[in-house]
Amino acid sequence: MYLPPHDPHVDDPMRFKPLFRIHLMERKCATVECMYGHKGPHNGHIQIVKKDEFSTKCNQTDHHRMSGGRQEEFRTWLREEWGRTLEDIFHEHMQELILMKFIYTSQYDNCLTYRRIYLPPSSPDDLIKPGLFKGTYGSHGLEIVMLSFHGKKAKGTKITGDPNIPAGQQTVEIDLAHPLQLPDIETLRDFSELSRIVLEVQEQVRREEQEEEQRQEEEDRSPQAASQPAAKPLGGEGAEGEETAAGAEGTTQNKAPASQPFVLPMGVISRNEDYPRTCRICFYGTGLIAGHGFTSPERTPGVFVLFDDDRFGFIWLELKSFSLYSRIKVSFQNAEAPSREAFDEMLKNIQSLAT
């Protein structure tokens, strides 16, 4: 398992923790050992579920228990997971979330299902190289997000989740057709001014979407008109929006933008105060928020801030909070780890033995 660094140090390297290992012996004999817990390797099991998916099971979960009971297990987990003790965490809501995460994760006892992650393709037109990033999520700590590009949109998909937004959900969406022109550094400190700028763009996006829907409905009602080339509008916000989108895409993706000073507005909370004080460009975007258990999810406006090729941020306007993201550069393979092909072959051997 690759764990994020301790909150809120997003630039620190990932932490490595072995969970199981496979021994292949002569005569196609194989053994599986669970590495979870603090009492050394013990008997485990691996089963192929389907393509790109397998599950692990510990056959001796008593090896995961500690003499001090659940309280000792929780304190040990807290030091390893968060790099601190419960006494160091004064925020009551954060204590609640941490305890919830411990209860949720410890119940599995290393009986887990693994699915292969396919990284997004890269294009020369992408704003930056897509990939995996570590990001700060307030009291939830650090989480892993996959950044991908889709034409005039960019998406951040959660690889690891939390009690509010689970893994697999699109945490942020960036509208590359709507760059934001930030005010001077002193004006930027005023949250109300940034809020005004973002909400104006949100309204512009809403109008453009409505006009696009109306055009689509008119084309659907008139098949003959739809079969002919559409005449370019002489004016109107819809035409300007499309032209601006194309122009913005060409400007932001084909030319290296100059750096500009950046500072978080007063009142915006950041877990990591060591964020860059210059940025390349900002875009309008939306972030997904929800209650515990992914209840009442909604997309809210925000600001995507590109700092450099390996770091970006997102200002959650409604939450008045800031997430800082840093690229994961680890190759996800330690010196003793097998290649993907060798690992797949191991699983096939184990499956044939089981059947």
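Reply: Helices (H or I, at least four residues) and strands (E, at least two) are DSSP runs, numbered from the N terminus. In this structure, strand S9 covers residues 142-150, and Ser148 has its place there. The model is predicted, with pLDDT of at least 70 needed for local features and 80 or more for side-chain atom pairs, while totals for chains, interfaces and linings use all residues. Residues are numbered from 1 along each chain as its sequence is written, and side-chain values use heavy atoms, without hydrogens and water.

Me: Is Ser148 buried or exposed?

Reply: Buried means under 20% relative accessible area, exposed over 50%, and partly exposed in between (1.4 Å probe, protein chains only). Ser148 has 8% relative accessibility and therefore counts as buried.

Me: Which residues is Ser148 in contact with, leaving aside its neighbours within four places in sequence?

Reply: Contact means heavy atoms within 4.5 Å. With those neighbours left aside, Ser148 is in contact with Pro120, Pro130, Lys153, Ala154 and Lys155.

Me: Which residues of the largest nonpolar core touch the most other members?

Reply: A nonpolar core is a set of buried Ala, Val, Leu, Ile, Met, Phe, Trp, Tyr and Cys residues joined through side-chain atoms within 4.5 Å. Here the largest has 26 residues, and Leu180, Phe262, Val303, Ile315 and Phe322 touch the most other members. At least two residues of this core come from each of helix H4 (191-221) and strands S15 (281-291), S16 (295-308) and S18 (321-327). H4 gives the most, with six residues. Another core, of 20 residues, lies apart from this one, and Phe133, Tyr137, Ile281 and Phe314 are among its members.
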